[in-house]
Amino acid sequence: MTKFFKPNKIFAITSRAPKYVLFLFVVVLSIGLTEALILSPEDYKQSHAVRIMYVHVPAAWIALGTFSSLTLFSIGSFVFKNKYFSLISKSLAPSGFVFNIIALITGSIWGKPTWGTWWAWDARITSMLILALFYAMYLLAWRIYEGKEYVVKITSMIAILGAINVPIIKFSVDWWNTLHQSSSVNILSDTSIHISMLIPLGIMTAAFALFSLLIFLMKYNTELIKIKNKGLDRL
Amino acid sequence: MYGKKVKLRFLFLTLVLVSVILSVFLILQSLKDNVIYFQSPSEIKSLIEIDKKKIRVGGMVKEQSISINSNEVTFIITDFKNEINVTYSGAVPNLFAEGKGVVAEGFLKDRNYFSATKILAKHDENYMPPEVKEAIGDK
């Protein structure tokens, strides 16, 4: 399986795929924005403020999903000393961090008109801020210890410790009283969001996932070019 | 199948994770009162002593309990078991309404009266268009 991650084989994909992913992203994003901003109805209670959700919720999902996969690859690189895994983790981080920040900012913008406050130190919001700090630590560690042989160990540890926060974010709204509402889209129990609003939410999530994939492919491609420039065919 | 080092690193990682998860769990357990954002009226009722510190009370605004005087809003927060009377002067958020969630920040006068310095509307997890809400409301 690890052969699949070897630069020479994957480079052919990462150098060509971005333009197709970009095309798909633009198409899906335009459909998603049309649905979210124009076609979808306003909410019975918060009226047009609901449209912020179509950015906020997908961004938060992608931020969490990216950190989870980043952690899985970090565990892989730590345990099996597989450096391609660590490069994949490294390339995943930037887009996850950006989406985390987007989730925090859009949440703040939504919170002011609906809750009446920009910020609340409740469990969900605070744990999401902690995730952003872990993303920042992770990215900084790659910069600071660049070229050092222990960089993989340090960044993997940050990712693995930060991952403990991920289930805390997910269940914070169930475990404690929070100002943040509990989850509306559930797999095991009823979804409390109307289908006319669920569709734009799904399309926007797909668009953001494609954007994440695009940034990941471009970052990973850069990492592979760096290896090529060093004249190595493997790490 | 895997080398000895791989197994050792895996064991090390498992131990790190287990110990950190346990410590986080213990920290959160001991900080429980600070992690929760607000207390319910029932929790206020069962307080042994009334703290002078700023606290938050959350629940539903009781139906037909909001009364707006010249510069003061009074209403009742309920969790359908216990109630607490709240007085507040200032602007309330748009989503503040009877039968909806609310979080009031302020000081407890006694177990039944709360003087709020800030009102936050708590939004629930239901999203639907107005027509659907009406259709549900009619039933």
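Visitor: Which residues of α6(A) meet α4(A)?
Guide: Start on the α4(A) side, where A123(A), R124(A), S127(A), M128(A), I130(A), L131(A) and F134(A) do the touching. Across from them in α6(A) sit N165(A), I168(A), I169(A), S172(A) and V173(A).

Visitor: What makes up that contact by class?
Guide: This is a predicted model, where local features need pLDDT of at least 70 and side-chain atom pairs pLDDT 80 or more, while totals for chains, interfaces and linings use all residues. Residues are numbered from 1 along each chain as written, and chains are lettered from A and ligands numbered from 1 in written order. Ala, Val, Leu, Ile, Met, Phe, Trp, Tyr, Cys and Pro count as nonpolar, Asp, Glu, Lys and Arg as charged, and the rest, Gly included, as polar. On that basis the α4(A)–α6(A) contact splits into eight nonpolar, three polar and one charged.

Visitor: How are α4(A) and α6(A) oriented to each other?
Guide: Helix α4 (residues 123-144) and helix α6 (residues 165-175) of chain A have axes 8 Å apart, at an angle of about 160 degrees; axes are fitted to C-alpha atoms over the stretch in contact, with angles from 0 to 180 degrees between N-to-C directions. Under 35 degrees is roughly parallel, over 145 roughly antiparallel, 65 to 115 roughly perpendicular and anything else oblique. So α4(A) and α6(A) come out roughly antiparallel.

Visitor: How do α2(A) and α7(A) lie relative to each other?
Guide: Residues in α2(A), among them Y54(A), A59(A), W61(A) and T66(A), meet residues in α7(A) that include P200(A), M204(A) and F208(A). The axes come within 9 Å and cross at roughly 45 degrees, so the pair is oblique.

Visitor: At what angle does α2(A) cross α5(A)?
Guide: In α2(A), residues including F67(A), L70(A) and F78(A) meet α5(A) residues such as V152(A), K153(A) and A163(A). By class, there are eight nonpolar, seven polar and one charged. The two helices are therefore oblique, their axes coming within 9 Å and crossing at roughly 135 degrees.

Visitor: Which element gives the largest share of chain A's side facing chain B?
Guide: The contact takes 35 residues from chain A and 31 residues from chain B. On the chain A side, α2, α3 (83-114), α5 (151-163) and α7 each give two or more residues. That side has 18 nonpolar, 13 polar and four charged residues, and its largest share, four residues, comes from α2(A).

Visitor: Is W121(A) buried or exposed?
Guide: Buried takes 20 or more other C-beta atoms within 10 Å, exposed 12 or fewer, and partly exposed lies in between. W121(A) sits in the loop between α3 and α4 of chain A. With 11 other C-beta atoms within 10 Å, W121(A) is exposed.

Visitor: Which residues does W119(A) touch beyond four places away in sequence?
Guide: W119(A) is in the loop between α3 and α4 of chain A, partly exposed because it has 14 other C-beta atoms within 10 Å. Its C-alpha is 9.4 Å from that of L104(A), 15 residues away in sequence. Past those nearby positions, W119(A) touches S108(A) and I125(A).

Visitor: What is phi of K81(A)?
Guide: Most residues other than glycine have a negative phi. K81(A), in the loop between α2 and α3 of chain A, is partly exposed with 15 other C-beta atoms within 10 Å. Its phi is positive, near 55 degrees.

Visitor: Where does Q64(B) sit?
Guide: Q64(B) also isn't a glycine, yet its phi is positive at about 55 degrees. With 10 other C-beta atoms within 10 Å, Q64(B) is exposed. It belongs to chain B, in the loop between β1 (55-61) and β2 (67-68).

Technical notes: Contact = placed C-beta atoms within 7 Å.
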